[in-house]
Amino acid sequence: MNKRKSKAAAYLKNSQLLVPLIAILLLVVFNLIRDPGFFSVGLTTNNNGDPVLQGNLISILNGASELVILSMGMTLVTAASGGQDISVGALAAIAGSVFVKVLKSGGSISAPVVLGAFLLCCAVAMAFGAFNGSLVALFNIQPMIATLILFTCGRSIAYWINGGATPTVSSPIINAIGSFIPGIPIPTPILIVILMGILFALLFRFTTLSLYIQSVGINQSAARLNGINSVGIKLLSFVILGACCAVAGMIGVSRLGLINHETLLINIEMDAILAVAIGGNNLGGGKFKMIGSVLGAYAIQALTITLYAMKVPSTDVKAYKAVVIVLLVVMGSPVVKEAAGRLGTRLRASRRAGAGKGAA
Amino acid sequence: MKDGIVLTMRGICKRFPGVMALDRVDFTLRKGEIHALMGENGAGKSTLIKVLTGVYPKDAGEIHVDGIEEAISIRSPQEAQSYGISTVYQEISLCPNLTVAENMFIGRTEGKTVNWKAMEKRAGELLDSLGIPARPRQQLSSCSLAVQQMVAIARAVDTDCKVLILDEPTSSLDDKEVAMLFRLMRDLKARGVGIIFVTHFLEQVYEVSDRITVLRNGNLVGEFEVDKLPQVQLVAMMIGRELQNLSVIKKESGAASARREVRYEAKQLSSTESRPFDFYIGKGEVNGFTGLLGSGRSESVRAIFGADPVTGGEVTMDGKKIRVAKPLDAMKNGIAYLPEDRKRDGIIAELSVRDNIILALQVLRGMGHPISRAKAEEFADEYIEALGIKTASSDTPIGSLSGGNQQKVILARWLLTHPKYLILDEPTRGIDVGTKTEIQRLVLKLAEEGMSVTFISSEIEEMLRTCSRLIVMRDRNIVGQLTGDELTQSHVMHTIAGGGGDNE
C-alpha cells in the first residue's frame with residue numbers, strides 16, 4: 001500500500017498535471033476553510049418543475065464548459081504549431097451568429113432545425129479554422145499574428161451575419177442545450193463537455209492524431225522525413241479548434257437565448273491559452289496532455305467563482321485573478337521546478353546523513 | 001616566445017560528455033602566415049577555434065600570445081579580442097540593414113554619442129587601405145556576400161588584430177569572389193597578421209596557405225608546409241589511415257555484383273540541392289557514396305528519398321516506374337532513409353523510444369490504423385533486444401539516450417518497415433567504436449537477406465569493409481565508380497583528390 005502510494009507520488013512529481021492539481025486543491029481547501037458548506041450540492045426544482053442540481057461546484061463545472069472545450073482545441077493547435085490561436089472568442093461569436101441566423105430563418109424551431117443550425121455553424125467555424133491554419137501551415141506565419149486577423153475582424157463578421165441585430169431565440173430545445181434537459185438534473189453544458197472529452201478520447205484511441213501532432217510539434221523536419229504531412233497536421237489542428245469554437249458558441253448562445261456578437265465569450269482566448277499553460281503544456285509546441293488543459297480550465301473557473309463568492313467586485317476580479325495566475329505560472333516554470341528538485345535532493349540527503357549519525 | 005610567432009597553443013584538451021573533442025592538440029601560428037586548419041567533420045577544428053576565442057573553456061593546456069609573458073586564459077570572445085584575436089564566422093554576423101560604416105564600428109564607439117562623420121571617415125580610410133570595394137554609407141545588404149565578408153574582416157582587423165580566424169569564409173562565394181577575398185588575405189598577411197583559415201576546399205588551401213595543421217578525431221595529426229604535402233596525402237591524413245596501410249577485406253568480386261538484378265535505378269535524377277545523376281543498386285548489394293564533405297553525397301541520397309524537392313529524372317523500382325516526390329512516396333515503395341543529421345532530421349527528442357521506433361511503420365499504415373499499445377510495446381521490445389539498444393525502458397524519451405543508441409533506435413524504426421532498399425547516411429558518425437562495428441555487421445547481414453543498402457560514411461575504411469561498389473563524388477558531381485580490385489584506400493583517395501597535387 002505504502003509502496004503504491006509512493007509510486008503514485010513519484011509519478012505525480014514528474015507529471016505536468018502537478019500544477020493544475022495543486023491549484024485546484026488549494027482552491028478547494030481555501031474555500032472549505034472559508035465556508036465549509038461551499039461545495040455542498042443540493043437538489044432543487046427549477047421553474048419548469050424539474051429536479052436540478054445546484055451549488056458552487058455545479059456552477060464551476062457548468063460555467064467552465066465553453067472554456068474547457070476551447071482549451072481542448074487550443075491544446076492541439078499549441079502542440080502542432082508551437083503557437084496559439086487568439087481568434088477563438090471571435091470565431092465562437094461568428095459560429096453563434098450563424099447558429100441563430102439559421103434558427104431564425106425558418107418557422108418553428110424543431111430538433112432537425114437545431115441540428116442543421118449546429119452543423120452549418122460547425123462547417124463555417126471549421127472553414128475559418130482552415131483559413132487560420134493555412135496561414136500558419138502554408139505561409140509559415142506566426143500563429144498569433146495569423147489569428148490576429150480573425151481576432152480583429154471576427155466580431156464584425158458576426159455583426160453582419162444578423163444584420164447588426166442581437167436576435168433572441170426562445171425554444172425549449174435551445175433552453176435544454178443552455179441549461180437543463182427535462183428530467184436530467186445535470187446542466188447540459190457539462191454533459192456536452194463530457195461528450196467532447198469522449199470524442200477526443202476516441203479520436204486519440206482510433207487514429208494516430210496525437211502521435212502525428214506531437215511529432216510535428218517537436219521536430220517538423222524529422223516528422224516530414226518519416227512521411228508525415230506536417231502542413232496537413234497543422235491545418236487539421238486548426239480545423240478541429242474551429243469545431244470546438246462552434247460547440248462553445250452554440251452553448252454560449254443557448255445559455256442566454258440570444259446572440260450578442262460583441263460580448264459572447266469575450267476575452268476567452270486568453271483564458272484558453274492560460275488553461276493550456278497551467279495544464280503544463282509547452283506553449284512552444286510538442287508533447288501535450290489534453291487533460292492538463294482541462295484541469296487548467298477548471299482551475300481558472302474555480303478561481304473566478306471563488307472570487308465572486310468572496311464578494312470581490314467584478315471590476316476587481318481580473319486583478320486578483322492575475323495575482324494567482326502569476327503564482328501558478330511561476331510555480332510551473334522550469335526554474336522553480338528545478339530548484340524544488342534540488343531542494344528535495346538536499347533534504348533527503350541531509351535526512352539520510354542525520355539518520356546515519358543517529359545510528360553511529 | 002620565439003620571434004615571429006604570434007600564437008601558440010600547447011596540449012589543449014576539451015572534453016564533452018562522452019567524447020574527447022580535443023586531445024592534447026598543439027597549434028602554432030607565425031606572424032604573417034596563412035595557416036589552414038584541416039579535418040573532416042568532428043575532427044575538432046571548430047572546437048579548437050572556440051577554445052581560442054573563449055566560447056568554450058579549455059580543460060587543459062596553455063595558450064600564449066605574442067607580447068605577453070605568461071599563459072593567458074580566454075573566457076569570452078571580448079577577452080579574445082583584447083588579446084588581438086578576432087574571428088569572422090561562416091555565417092556573416094553583421095546587420096544587413098545597417099550601413100557598412102555602422103557595421104564596422106557598431107559596439108566599438110567610444111563614449112555615449114556617435115560621431116558619425118568621424119566614423120564614416122575612418123571606415124572609408126580602412127576600406128580604401130584594404131582595397132574593399134564598398135562605400136561607408138552603403139547599406140550592407142546591397143553589397144555582395146564576398147564584400148560583406150570583407151567588411152566583417154575589416155571590422156575584425158581594425159582592432160589591432162594579430163590573429164585573424166576565418167571560419168569557412170568561402171563556402172558561399174563564387175570563384176571571382178574567392179579570388180577577391182584571397183587578395184585581401186594576402187594583403188593582411190603582408191601586414192603581419194597571422195591568419196587561421198578553416199575550410200573544406202582542398203584547392204583553396206593549396207592556393208593561399210603557407211602551412212597546414214591537420215586534425216582527426218580530436219587529435220593532432222601534424223603540421224606541414226603546403227608545398228611539401230601532396231594533396232593525396234592530405235586527404236589520407238584527414239580521412240585516416242596512411243597510404244601504406246591497405247588491409248582491405250573485399251566483400252565480393254565486381255563480376256558478382258554485375259550479375260545482380262537491379263533493385264532501384266535512377267536516370268538523371270536531380271533535386272533542388274543536387275545536380276542530375278545516374279545511379280542504380282542491385283538486390284542484396286551494398287554500395288556507397290564517398291567524397292569529402294560538401295561533395296554532394298548526402299544531397300544525392302536525399303534526392304533518392306525525396307527529402308529535398310525532386311526536380312527531374314526517371315526512377316524505377318524492381319523494373320517498375322515509380323514517382324518519388326516526397327518521403328512518403330519513397331517509403332511506400334520500400335525505400336528507407338536514415339538521415340545524416342540525427343538530431344535535426346532523425347529523432348523526435350521528447351517522444352519515447354517506443355514511439356520513435358514505430359513512427360515510420362505507423363505512418364505507412366495510415367492515420368486510421370494506429371498500432372495498438374500492446375503491439376507497439378512488442379515491436380519496441382523486439383528491436384531493443386535485437387539491436388542491443390541501451391535504454392531504461394521503451395518509455396524513456398529518446399533524447400536522453402546516448403548518440404549510438406539513438407542511432408540504433410532510428411535504424412530500428414526503418415528496419416521495422418521491412419524496406420527493400422535502405423539508405424544509411426553517416427550512420428556511424430559520433431558513435432562509439434563498438435556500435436560502429438555492430439552497425440557494419442548488421443548492414444552486411446541485411447544485404448545477405450536480400451536488402452539493398454546504400455551506405456555513406458566519412459571513414460573510407462568503413463566503406464571499403466562494407467561496400468562492393470563505391471560511387472565517388474567531387475564538387476557535386478560523380479567522378480568515378482570503383483568496384484573489385486579498384487576498391488583500395490589509395491584508389492579511392494586518388495579519385496577523391498582528383499588530379500591536383502597528385503605526385504605519389
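Helices (H or I, at least four residues) and strands (E, at least two) are taken as DSSP runs, numbered from the N terminus. The structure is a predicted model, in which local features need pLDDT of at least 70, side-chain atom pairs count only at pLDDT 80 or more, and totals for chains, interfaces and linings use all residues. Residues are numbered from 1 along each chain as its sequence is written, while chains are lettered from A and ligands numbered from 1 in the order in which they are written.

Chain A contains 16 helices and 2 strands. Its radius of gyration, 22 Å, is close to the 21 Å given by the globule rule for 360 residues, so chain A is as compact as a globular protein of that length; the radius is taken over C-alpha atoms, and the rule is 2.2 Å times the number of residues to the power 0.38. Of the 360 residues of chain A, 45% are buried, a residue being buried if 20 or more other C-beta atoms lie within 10 Å of its own, exposed if 12 or fewer, and partly exposed in between, with C-beta atoms placed from the backbone.

The largest nonpolar core comprises 248 residues. Such a core is a set of buried Ala, Val, Leu, Ile, Met, Phe, Trp, Tyr and Cys residues joined through C-beta atoms within 7 Å. Helix 12 (residues 230-256) of chain A gives the most to this core, with 16 residues. Ala95(A) is among the members that touch the most others. Its contacts (C-beta atoms, placed from the backbone, within 7 Å) include Cys121(A), Ala125(A), Cys245(A) and Met250(A), not counting residues up to four places away in sequence.

In chain B, an open sheet of 4 strands has the order 11-10-13-14, with antiparallel pairing; two strands pair if DSSP finds at least two bridges between them. Strand 11 (277-282) and strand 14 (320-322) of chain B form the edges, each pairing on one side only. Strand 13 (residues 310-317) of chain B is joined to strand 14 of chain B by 3 bridges, and Thr316(B) has Lys321(B) as its bridge partner in strand 14 of chain B.

The contact between the chains takes 22 residues from chain B and 18 residues from chain A. On the side of chain B that touches chain A, helix 11 (327-332), helix 12 (342-346) and helix 13 (353-365) of chain B each give two or more residues. The largest share, 5 residues, comes from helix 13 of chain B.

Notes: Two residues are in contact if their C-beta atoms, placed from the backbone, lie within 7 Å.
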